[in-house]
Amino acid sequence: MSADYSNRELIIATVADLLDGVRHVAVGASSPMPAAGAMLLRARNELAKKQRVRISILGSEEHNFFTNGGVELFDCTAQGRVDAFFLGGGQIDGEANINLVGAGPYPQSDVRWPGCFGSAFMYYLVPRVILFREEHSSRVFVPKVDYISAPGVSDGIVRPGGPHAMLTGMCLFSFDKERKRFALKSVHRGFTARDVRENTGFDYDAPDIVPETKAPDAATLELLRGRITEELSESYPSFADMLRAERKAAA
Amino acid sequence: MGEIVSLEELAAEVTPGCKLAVPADYCGVAMAATAAIIANRPKDLHVVCVPVTGMQGDMLIGEGLVGVLETSAVTLGEAGGAPRFQDGVRKGAFKLMDATCPAVHSGLIAAQKGVPFLPIRGIIGSDLLKTRTDWKIIDNPFQKGDPIIVVPAIQPDVAIFHAPEADRFGNVRIGRRRELVTMAQAAKATIVTVERISETSLLASEDSAAGVLPALYVTKIAVAPRGAWPLGLWGEYAVDSAEVARYAAMAKTPEGFAAYMDGFSRRFREAA
């Protein structure tokens, strides 16, 4: 019997599970849930006296040990010193190609997103890239992206990194690099395998019986609601406030 | 070298058609100087964002001063998408050179070293290569079967940023924002606005000297208190989120943008 939890708490706990074993994880400045998952893993490892987890929050002054400017993240990554990173996209397709540029014809995109950022580098070099997109819709998960900011797989080049898993607000997928295909691993409480199928624009593998995403246990929830929320307040104050408000409303 | 001038004199360095390097929001953006530049209306700027931009780039686009935009992203951060950028993209108002962050750094580092190009991992298989025909794939000359991208050196005509402090000898404190050193060494000219000028040399002690851009690489300096506003300045003040959100809302239409810019330039004229 596990305690009650919100979908956001489930996502954060799942991120921590996906990161298990990493030494250094980098997180974007506007990615509170991946950051929360990384902080949860760090706290968990500390309590279990397991290996220390370093977290670099890009753009943060407190959670950033780089001294060589913006280029250091990329140098550090190319040296193999970043084990995990998160990428998203306005569109993601069934071969794990990601589009951070825009929808419609390029360059005069009908809907223009910010741009590739470091994706056309990080996706190739970070061994464990977790694709994260909370919105699970056929608008995001398309048969083929309109623009490939970075491809899911590459042949014939040096590429130690790539997609490890994809986590959405509805489910968790694994990715098979050989077959260039996602497989549905689990659905979050409140959703069904059919919901996922209906809201995903690309084809993927799925077992006959799709399990429910592992619920966070009481110890995880306690950490999340205490220490992790506090830690989040420094870099993501509005997100931390939202988590507190969500809990208050549920109580 | 490192001559201390008025904001207007500094802004005059940015002339029509020039290749202008600007830093990301976390590095110190010369917003007061941007107002002064806009007043001069230098057209056809080739803006190189190191490696991304926000409000500054959006304003230059909205004012119709950008001919080429070379960037890895344009965003107003928490306030959302950059409205004048998005509108300009739809209308094809400028030539777009989409990039990826480390490629911009690599191009500047090549110029910093005085070499024509630098190799970089990744990128192969990205649609970036369809339009970035200036990026080439070569065979690693030391290892068979290892195709790799090379990006050409980026030499800006002018690099501009805002920093906490310069000394009266023209040295500028840049802390750990080392990309500012790369930008300045890569560029033909570097102009810097600062919160204040100190009397003692920043190179006088080992502790301060490590985080300094020496006057050798600095062309002109102007004092602009709170010169990064509404953006923040590292170690000094935080971003004025309410003001950035106000800009994001107003700049959704050309009229709203014009109204915002009217107030923005007036504020800096009055402060000067």
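Guide: Buried means under 20% relative accessible area, exposed means over 50%, and partly exposed is in between (1.4 Å probe, protein chains only). You're looking at a predicted model, where local features need pLDDT of at least 70, side-chain atom pairs count only at pLDDT 80 or more, and totals for chains, interfaces and linings use all residues. Residues are numbered from 1 along each chain as its sequence is written, chains are lettered from A and ligands numbered from 1 in the order written, and side-chain values use heavy atoms, leaving out hydrogens and water.

Visitor: Okay, is Phe202(A) buried or exposed?
Guide: Check its relative accessibility, which comes to 6%. Tyr204(A) sits at 2%, so that residue is buried. With its 6%, Phe202(A) also counts as buried.

Visitor: How are the rings of Phe202(A) and Tyr204(A) arranged?
Guide: Over all chains, the structure has 14 aromatic pairs (Phe, Tyr or Trp rings, the six-membered one for Trp, with centres within 6.5 Å; planes under 30 degrees apart are stacked, over 60 edge-to-face, the rest tilted). Here the centres are 6.3 Å apart and the planes meet at 80 degrees, so the pair is edge-to-face.

Visitor: How much area do chain A and chain B bury between them?
Guide: The contact (heavy atoms within 4.5 Å) takes 37 residues from chain A and 40 from chain B. Buried area is the accessible area (1.4 Å probe) that two parts lose on being put together, summed over both. Carbon and sulfur atoms carry 58% of it here, and the total is about 2,900 Å².

Visitor: Which side chains meet in a salt bridge at 2.8 Å?
Guide: Across the interface of chain A and chain B there is 1 salt bridge (a side-chain nitrogen of Lys or Arg within 4 Å of a carboxyl oxygen of Asp or Glu). At 2.8 Å, N to O, the partners are Asp98(B) and Arg112(A).

Visitor: How far apart are the centres of domain 1 and domain 2 of chain B?
Guide: An automatic or database assignment gives domain 1 as 3-101 + 154-271 and domain 2 as 117-152. 6 residues of domain 1 are in contact with 6 of domain 2. Taken over C-alpha atoms, the centres are separated by 30 Å.

Visitor: Which three residues supply 64% of the area domain 1 of chain B buries against domain 2?
Guide: Between these domains, about 470 Å² is buried, with 60% from carbon and sulfur atoms. On the domain 1 side, 64% comes from Met97(B), Asp98(B) and Thr100(B).

Visitor: And what does Arg132(B) form a salt bridge with?
Guide: The two domains of chain B have 1 salt bridge between them. Its closest N and O atoms are 3.5 Å apart, and the partner of Arg132(B) is Glu70(B).
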